[in-house]
Amino acid sequence: MGMKDKMELEDVAFIGRTYAEYMDMFAMEEKIFLDGPVLDCPAGSSSFTAEACTRGHRVTACDMLYNLPVRELEEKGNRDITLIGQKMEETAHLFRWDYYGDKKGHMGHRVAALSRFVADYPAGGKKGRYVRAELPHLPFADKSFTLALSSHFLFLCGDRLNPGSHAESLMEMARVSSGEVRVYPLQGLDGKPYPHMEEVLNMLEQNGISAEIRFTPFKFFRGADKMLALKAGRRA
Ligand SMILES: C[S@@+](CC[C@H](N)C(=O)[O-])C[C@H]1O[C@@H](n2cnc3c(N)ncnc32)[C@H](O)[C@@H]1O
């Protein structure tokens, strides 16, 4: 099989990570939930919300596909897990498999997240845990959350959006969070750092949002060891 330097995807995959992966990616400890409600945007088939809510935490997930019924999401989720598995075979050198033990261990996390999400989505949707939303607009009042998380969408799919659209989405997330917005990873599907980061951070600064780049203990995508932490107003 020929190896590729970039994972080529026609569509943004409906795929998801687990609670444990989120805690690592965003360098979070459980006490962070004591501060207030958390937003996951876009959440895809992540089980972060389902697992966090089982632990008694207040978390809301949003995604542009949450208007679809659970069976359609499950089918798309299963198709996308298979597709990502094939694409990862062609780009295996871009990943550190030891984080999950091996490739099978990694796929096990994707399947477990989807299954946990599917089990929670119907009842969780009725309780308002799964909300249809399409960035750059979020259907939440200002400061509805104390933390907003965005994993594996914005900079990862960086070539689908221009720098202005990135800034617009990040400002919208900052609007609905009274605390931080955290984004991971800061690289594209080719493993290279998002090329317009400085331009995006300048636009945010002009709109009163300060940024910090922080290390994360999550080590799967090679070189993806940092997250972006944004906060409205100046940092102390
Ligand atoms: C890779 S998944 C998210 C994975 C999840 N955050 C995690 O790390 O487990 C990307 C999601 O972005 C959603 N999406 C794509 N464009 C969007 C937009 N403009 N607004 C909201 N969701 C969007 C897709 O439907 C898909 O479910």
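This is a predicted model: local features need pLDDT of at least 70, side-chain atom pairs count only at pLDDT 80 or more; totals for chains, interfaces and linings use all residues.
Let me begin with a convention: two residues are taken to be in contact if their C-beta atoms, placed from the backbone, lie within 7 Å of each other. With that in mind, Thr60 touches Pro37, Leu39, Thr49, Arg129 and Val131, leaving out residues up to four places away in sequence. Thr60 lies in strand E2, residues 59-63, where helices (H or I, at least four residues) and strands (E, at least two) are DSSP runs numbered from the N terminus. With 25 C-beta neighbours inside 10 Å, Thr60 counts as buried; the rule is that a residue is buried if 20 or more other C-beta atoms lie within 10 Å of its own, exposed if 12 or fewer, and partly exposed in between, again with C-beta atoms placed from the backbone.

Residues are numbered from 1 along each chain as its sequence is written.

Now the chain as a whole. It has six helices and seven strands, and from the N terminus on, these elements run α-β-α-β-α-α-β-β-α-β-α-β-β. The C-alpha trace spans about 50 × 40 × 30 Å along its principal axes. For 236 residues, a compact globule would have a radius of gyration near 18 Å, and the 17 Å of this chain agrees with that; the radius is taken over C-alpha atoms, and the globule rule is 2.2 Å times the number of residues to the power 0.38. Buried residues make up 37% of the 236, and of the contacts with a separation of 6 or more, 77% are between residues 24 or more positions apart.

On the H3 side the contact is made by Val70, Leu73, Glu74, Gly77, Asn78, Ile81 and Gly85, and on the H4 side by Met107, Arg110, Val111, Leu114, Val118, Tyr121 and Pro122. These residues divide into nine nonpolar, three polar and two charged, where Ala, Val, Leu, Ile, Met, Phe, Trp, Tyr, Cys and Pro count as nonpolar, Asp, Glu, Lys and Arg as charged, and the others, Gly among them, as polar.

The ligand comes next. It is surrounded by 19 residues, and the closest are Arg17, Pro42, Gly44, Ser46 and Ser151; a residue is near a molecule if its C-beta atom, placed from the backbone, lies within 6 Å of it. By class, this shell has 11 nonpolar, five polar and three charged residues.

Pro42 brings me to the backbone. Most residues other than glycine have a negative phi, and most peptide bonds are trans. The bond from Cys41 to Pro42, however, is cis, with omega near -5°, and Pro42 is found in the loop between strand E1 (38-40) and helix H2 (48-54). A cis peptide bond also joins Leu135 and Pro136, with omega about 15°, and Pro136 lies in the loop between strand E3 (130-132) and strand E4 (145-151). Lys143, found in the loop between E3 and E4, has a positive phi near 55° and is partly exposed, with 14 other C-beta atoms within 10 Å. His152, in the loop between E4 and helix H5 (163-176), has a positive phi of about 55° although it is not a glycine, and this residue is buried, with 22 other C-beta atoms within 10 Å.

I will finish with Leu186, which is placed in the loop between strand E5 (177-184) and H6. Is Leu186 buried or exposed? With 20 other C-beta atoms within 10 Å, Leu186 is buried, and, leaving aside neighbours within four places in sequence, Leu186 is in contact with Phe155, Pro193, Tyr194, Met197, Lys226 and Leu228.
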